[in-house]
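Let's take a friendly look at how the pieces of a protein chain are arranged. Keep the structure open while you read.

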Amino acid sequence: MLHQDTIAAIATPFGMAGVGIIRISGLEALKIARRIFQPAHANCPWETHHLYHGDIISADGITILDEVLISFMRKPHSFTGEDIIEINCHGSPLIIGSILTQLLELGCRLARPGEFSQRAFFNNRIDLSQAEALAAMVAAKSAKAYAIGLGQLKGSLSKEIEALRTLVIDALAGLEAAIDFTEDTSTEKIPLLPPQIDPALEHIQSLLSSYRTAKVYTEGINVVITGKPNVGKSSLLNTLTGKKKAIVTDIPGTTRDLITDTINISGIPVNLTDTAGIREPQNVIEKEGIDLVWESLTNADVVIILLDCSKPLTNEDKVIIDKNRDGNIIAAINKIDLPPAWEINTIEHLFPREKKILKISAKFGVGLEELKKTIMDLSGSGDDKNTGSAMITNMRHKLAMEKALKNIQVAKESIVGGMSPEFAAFDLREALDNLDEITGKKINDEILDKIFSSFCIGK
Ligand SMILES: Nc1nc2c(ncn2[C@@H]2O[C@H](COP(=O)(O)OP(=O)(O)OP(=O)(O)O)[C@@H](O)[C@H]2O)c(=O)[nH]1
Ligand SMILES: [Mg+2]
């Protein structure tokens, strides 16, 4: 697709920095660059993928706006598949802004969010799943999430989809032959199940099963710290994050709101939530806070139930344990630096046998390495074996993949049930469309616009 207009945008974040980058893409990119760039050396051949040193000159041709390095990537061997110019200027918002203004005056249009990636997609430089991988890399919260995105950008997911398409197309070819055969002879012939159907189903199921692990890498693990008032929940949040995020006092009922922060454990984001202490609320504010706790517990991947070993257990502790006993819980016995009012063996019967019971001191940072390790074990994220292969990280891809799975399953059932092969062929064609939604081979413009508009400007 040939875009007539030339777009420009600032590709680096707003603010002061060593360098700022302005990107231009389109038919006029080189022509416009020549009008504002004065090379330091008389010979400036504008060879593709070369960097030139010189000045950016204002429209009156007299004032030097900045000293820059400028690069040129000639189509089609550029990110967008169009001519691209990148200006590396000094990272002053003032300078970057004035160069951009000048580019707009010379005929560039300000790029919409994600428009460079959208052009790369339309010009077949990348498929839609690769464009989405790029956005995911920019937003990655952990090294592993970034690595998965990079794998997808390099085509790991696209290759899997292509392999799946081949299986479905071959299965369809087998069915179409059976349909022709039926028409030729006017005899009923029950087709055999094409040999590609079961491998295709297994392949999709294995990709779908990667979603849970991938979600841990991309979005992180949600860990909620709960317990009755004053057991040390806020102290634990503060020590784990190394910040004074939450107010700590010896007055029970100090925390009212949910307080969240993210830490990184072994390259995986762990979203911690400190909560109000659970007890019979003493006023409406506390009640609201406690309602929020129950809500946050429903979204928790791991729940830390904190107990205070320096004071006798109460009915409140037992209610909290009881309400969470089926969840992914860790019992953390806090304040072990103080003389104990009870021993671990007196509470073991309150938990299911396999539950982990740890001793910690939130205030003095004792036992926290073991606590972090247990969080990782419980979330299943210590299991690395999947990260090298293609993974599904994107909800849109997951939904399309589930639809493809369903359609292939229905096709299989209708063949096995002895129905005419036309029915199965119809379902397999639907499955192909579902796969093509992922790579963007078949997708409507509205969805495309929605996807790209969530990208950054300049990307
Ligand atoms: N000795 C000792 N004191 C602790 C420890 N952890 C917390 N404390 C103290 O216990 C008191 C309550 O701590 P918080 O962290 O505010 O407890 P909380 O569970 O957040 O309390 P609420 O917000 O009221 O629900 C404070 O005085 C802390 O200093 C610990 O490991 N050892
Ligand atoms: Mg608190």
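Here is a short report on domains and helix pairs.

## The model and its domains

This is a predicted model, in which local features need pLDDT of at least 70, side-chain atom pairs count only at pLDDT 80 or more, and totals for chains, interfaces and linings use all residues. Residues are numbered from 1 along each chain as its sequence is written.

The domain assignment, which is automatic or from a database, gives domain 1 (7-126), domain 2 (156-212 + 394-440) and domain 3 (225-379). Between the C-alpha centres of domain 2 and domain 3 there are 48 Å.

## Helices H4 and H5

Helices here are DSSP runs (H or I, at least four residues), numbered from the N terminus. H4 (residues 128-139) and H5 (residues 143-153) cross at roughly 155°, and their axes come within 8 Å. Axes are lines fitted to C-alpha atoms over the stretch in contact, and angles run from 0 to 180 degrees between N-to-C directions. H4 and H5 are therefore roughly antiparallel (over 145 degrees).

On the H4 side, the contact (heavy atoms within 4.5 Å) is made by Gln130, Ala133, Leu134 and Met137, and on the H5 side by Tyr146, Gly149, Leu150, Gln152 and Leu153.

## Helices H3 and H14

H3 (residues 115-122) and H14 (residues 445-453) pack at about 135°, with axes 9 Å apart.

H3 brings Ser117, Gln118, Phe121 and Phe122 to the contact, while H14 brings Leu448, Asp449 and Phe452.

Note on methods. Chains are lettered from A and ligands numbered from 1 in the order in which they are written. Side-chain values use heavy atoms; hydrogens and water are left out. Helices (H or I, at least four residues) and strands (E, at least two) are DSSP runs, numbered from the N terminus. Angles under 35 degrees count as roughly parallel, over 145 as roughly antiparallel, 65 to 115 as roughly perpendicular and the rest as oblique.
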